[in-house]
Amino acid sequence: MPTRLFEFMKIGMIIAIEKELKSFLESNYEVETLCVKNRVVYKTKINDNELYVIKSGCGEIDAASACQFLIDRFEVEIMLNYGVTGALVEGLAVSDLFVVKGAINHDFDTSCIDDVLPHQYCDVDSVALPLDNDLITLALSIKPDLRICNCASGDRFIEKLEDKNNLAKLDCVICDMEIAGITRTCMLNNVRVLSIKCISDTIDGDGQMFVENVSKASAKAFDLIDKIMKAL
């Protein structure tokens, strides 16, 4: 087990949907359920750290809102995310694991009015919003064969092959609907962020493949994020 990076801290974790959340709720942690401002938050302790878990719902707005809520209400210092993802390139299989190094909001574009590239935020040097390098290094120390990639993130479930090919041109190999909103919110609040993703639908897959594999893929992503939490 790697040396712990941090002392006592508050950790947030955002999960998009119920089937992904189930992996955490079925773990062996003693969980306290908090109801705050119409939101349900699950609180537990891992080592000496406090963990606050929330189901955000799908999409960038809901994910960003849940992220800001955990930061404001519980003063979390690290934000974790795990869940399923779609493949954008050939050669990826269901249950392949990834750690996200950069999130690209493929629905965001002010390049016609600002001196930036499509999908780039004015205050960021790259198109990809960077996630935390120290946390990525920790994840790799636990699972050295973990793949590192950029994730295309937006408010649409990507099912058509043409859309997948276009997103792959952004130097992304996977896609989701939340991590750009989470990463952008954490960046604005100076909060570290880490995301572990597991393939639920391949490049030739569709919504039905997602439905068939979401539980299995979520469980595999949670297993790794659980090991990472215990090492923090």
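Leaving aside neighbours within four places in sequence, D62 is in contact with S56 and G57, where contact means heavy atoms within 4.5 Å. The structure is a predicted model, in which local features need pLDDT of at least 70 and side-chain atom pairs count only at pLDDT 80 or more, while totals for chains, interfaces and linings use all residues. Residues are numbered from 1 along each chain as its sequence is written, and side-chain values use heavy atoms, with hydrogens and water left out.

D62 belongs to helix α2, which covers residues 60–74; helices (H or I, at least four residues) and strands (E, at least two) are DSSP runs, numbered from the N terminus. With a relative accessible area of 37%, D62 is partly exposed; on this scale buried means under 20% relative accessible area, exposed over 50%, and partly exposed in between (1.4 Å probe, protein chains only). D62 and G181 lie 119 residues apart in sequence, and their C-alpha atoms are 8.3 Å apart in space.

I71 is also found in helix α2, and counts as buried at 10% relative accessibility. Not counting residues up to four places away in sequence, I71 touches V76, M79, T185, N189 and V191.

Turning to helix pairs, two packed helices are described by the angle between their axes and the distance between the axes. Helix α2 packs with helix α5 (residues 179–189) at an angle of about 35 degrees, and the axes are 7 Å apart. Here axes are lines fitted to C-alpha atoms, for helices over the stretch in contact, and angles run from 0 to 180 degrees between N-to-C directions. The crossing of α2 and α5 is right-handed; a crossing is right-handed if the near helix is turned clockwise from the far one by less than a right angle, and left-handed if anticlockwise. On the α2 side, E60, A63, A64, C67, Q68 and I71 meet I179, A180, G181, I182, T185, C186 and N189 of α5. This contact comprises eight nonpolar, four polar and one charged residues, taking Ala, Val, Leu, Ile, Met, Phe, Trp, Tyr, Cys and Pro as nonpolar, Asp, Glu, Lys and Arg as charged, and the others, Gly among them, as polar.

Helix α5 is largely enclosed by the rest of the structure, because eight of its 11 residues are buried. The buried residues of α5 are I179, A180, G181, I182, T183, R184, T185 and C186. Just after α5, N190 takes a positive phi of about 55 degrees.

A second pair is formed by helix α3 (residues 133–142) and helix α6 (residues 207–231), whose axes come within 10 Å and cross at roughly 110 degrees. The two are therefore roughly perpendicular to each other, a label given to angles of 65 to 115 degrees. The contact is made by L138, A139 and I142 of α3 and by L224, K227, I228 and A231 of α6. By class, it has six nonpolar, no polar and one charged residues.

Finally, for the chain as a whole, there are six helices and 10 strands. Buried residues make up 55% of the 232 residues.

Terms used. Parallel < 35°, antiparallel > 145°, perpendicular 65-115°, else oblique.
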